[in-house]
Number of protein chains: 2
Amino acid sequence: MKILDGKKISQDIKDELKKLVSNRIANGLKKPHLAAIIVGSDGASLTYVGSKVRACDYVGYDSTLIQLEESITEELLLEQINRLNKDKSVDGFIVQLPLPKGIDEQKILLAIDPNKDVDGFHPTNFGKMSLEMESFIPATPYGIIELLDRYKIETSGKNCVVIGRSNIVGRPVSILLSQKSKKGDATVTLAHSRTKNLKSITRNADIIISALGIPEFLKSDMVKEGVVIIDVGITRVPNDSSPKGYSIIGDVDYKKVSKKSIAITPVPGGVGPMTISMLLKNTFLACQRKD
Amino acid sequence: MKILDGKKISQDIKDELKKLVSNRIANGLKKPHLAAIIVGSDGASLTYVGSKVRACDYVGYDSTLIQLEESITEELLLEQINRLNKDKSVDGFIVQLPLPKGIDEQKILLAIDPNKDVDGFHPTNFGKMSLEMESFIPATPYGIIELLDRYKIETSGKNCVVIGRSNIVGRPVSILLSQKSKKGDATVTLAHSRTKNLKSITRNADIIISALGIPEFLKSDMVKEGVVIIDVGITRVPNDSSPKGYSIIGDVDYKKVSKKSIAITPVPGGVGPMTISMLLKNTFLACQRKD
């Protein structure tokens with residue numbers, strides 16, 4: 001059984017990007033520059049954005065963090081987005097989700113210039129990705145594909161079941177894996193809350209990608225021997241014995257399922273760390289496009 | 001066994017649109033206006049575009065047909081598209097595919113204003129559709145969903161297999177059917193040329209949508225009793241005994257498969273006629289948006 005070490009691969013990618021940035025500088029080209037807008041002071045969101053800024057520092061990007069009050073109006077937030085759209089020094093930017101109630105997330109995402117939308121959430125990027133045109137691929141599905149690729153896990157002709165149909169993970173990864181490409185060509189089934197007899201579907205799967213957010217949902221009797229498991233779940237579960245007061249638990253009953261798997265991502269340290277590296281990759285691409 | 005009569009439903013939709021147009025005129029509003037660009041003189045393309053123009057006449061839309069020489073340059077074609085983008089009298093337009101070699105189809109599609117892209121092929125529309133935002137849905141998948149809906153065929157929780165992953169049929173219908181909506185909520189498997197053991201997959205399907213273009217590919221031993229069959233294939237097969245010299249043959253071995261089906265689309269007269277009606281629906285929507 002092979003552990004798909006997202007932490008290591010993520011570090012490899014960051015080191016590759018670091019070199020690429022050095023090369024750019026040596027060639028007199030500008031550093032990539034990522035900006036992030038965060039509204040309010042949600043703990044998890046601050047942690048995520050903080051890691052993104054630190055990752056920028058590590059690889060040698062410029063970064064700008066724009067912290068806005070929880071009480072900001074939609075109009076003022078749109079103004080900030082417009083400013084970043086126009087700012088030529090910024091290659092790409094993200095708006096950390098979720099946004100406070102009263103702000104229309106869809107309107108905000110649509111306001112971002114698709115050429116700077118390094119999260120890949122704008123419909124133009126989502127459509128380009130679906131239609132196999134060059135685009136920014138959302139970080140989590142991009143990270144999953146990269147992880148499978150770096151561990152040389154064959155996907156072509158495999159039965160792949162994606163559990164969960166969110167716009168940021170399940171849906172895009174189901175599209176990518178079924179495309180005609182080196183990292184795709186799988187026969188993909190997208191399962192979700194309305195799926196009946198899920199067990200009979202997952203038991204036929206060569207590869208299972210679970211993006212539900214229900215701790216230890218996927219049990220060992222739901223998978224076949226020799227399965228590959230990608231666990232996207234990261235649920236915080238209270239845990240008094242942990243210094244943080246909580247543990248991060250995946251969608252998969254790791255202890256038992258890993259015994260039947262030929263490869264599996266741990267939680268934490270699997271898909272999670274990949275997302276930041278893929279965001280950095282998108283930012284590099286955005287910068288490079290402008291050369 | 002119920003025959004899903006696309007010809008009849010398509011006629012119903014056209015009659016509904018005809019009434020809506022009369023109402024618009026009675027209320028002093030403008031008629032919808034569809035324009036179509038056709039390059040060259042391919043027989044099938046001319047037939048398709050001709051039917052679209054006749055359908056416009058029937059429902060009371062204005063229509064403009066722009067016929068361009070096979071030898072037109074990409075640059076001049078882009079100029080025509082720009083002209084239609086700017087023409088306020090035109091609500092929506094289509095560029096009939098395929099285009100002659102030497103013209104970059106992707107570049108052409110990207111040049112169409114997404115607000116006038118009633119074929120729904122522009123990535124912005126494709127992305128909006130995928131992300132469940134209001135958009136123009138490509139006519140064939142839209143027609144399939146409408147046909148299932150009008151015949152009250154339950155999709156929620158059903159195992160649905162889509163065969164073929166084209167950008168204009170298989171991919172979008174697989175997305176639509178798996179979305180959380182009245183006409184979706186199915187567990188969808190997207191199968192394609194690299195799929196292994198297709199028979200074992202299709203034999204588990206409650207609904208099969210075949211969009212391969214291989215005459216009589218789907219045999220009766222590949223389906224279970226009680227299946228619903230949507231046959232999107234329309235291949236011209238030489239036939240000396242037909243006055244046209246050819247017959248239109250679907251992907252499904254209709255004679256035998258229909259015996260096991262609870263509902264099935266014929267070819268011709270199934271999905272085919274639906275596409276024009278859905279194009280007209282999109283054009284109506286484009287017109288209405290501008291009121």
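Predicted model: local features only at pLDDT ≥ 70, side-chain atom pairs only at ≥ 80, totals over all residues.
| Domain of chain A | Residues |
|---|---|
| domain 1 | 29-113 |
| domain 2 | 139-272 |

The centres of domain 1 of chain A and domain 2 of chain A, taken over C-alpha atoms, are separated by 29 Å.

As for the chain as a whole, its secondary structure comes to ten helices and eleven strands. The radius of gyration of chain A is 19 Å, close to the 19 Å that the globule rule gives for 291 residues, and chain A is therefore as compact as a globular protein of that length. Taken along the principal axes, the C-alpha atoms of chain A fill a box of roughly 55 × 40 × 35 Å, while 49% of the 291 residues count as buried. Among the contacts in chain A with a separation of 6 or more, 68% are accounted for by residues 24 or more positions apart.

One residue may be followed in more detail. Ser45(A) has its place in helix 2 of chain A, which covers residues 43-59. Because 16 other C-beta atoms lie within 10 Å, Ser45(A) is partly exposed, given that a buried residue would need 20 or more and an exposed one 12 or fewer. If residues up to four places away in sequence are not counted, Ser45(A) touches Ile38(A) and Gln96(A). Between Ser45(A) and Phe126(A), on the other hand, the C-alpha to C-alpha distance is 23 Å, and these two residues are 81 residues apart in sequence.

Note on methods: Residues numbered from 1 in each chain as written. Chains lettered and ligands numbered in written order. Helix = DSSP H or I, 4+ residues; strand = E, 2+ residues; numbered from the N terminus. Contact = placed C-beta atoms within 7 Å. Rg over C-alpha atoms; globule rule 2.2 N^0.38 Å. Domains from an automatic or database assignment.
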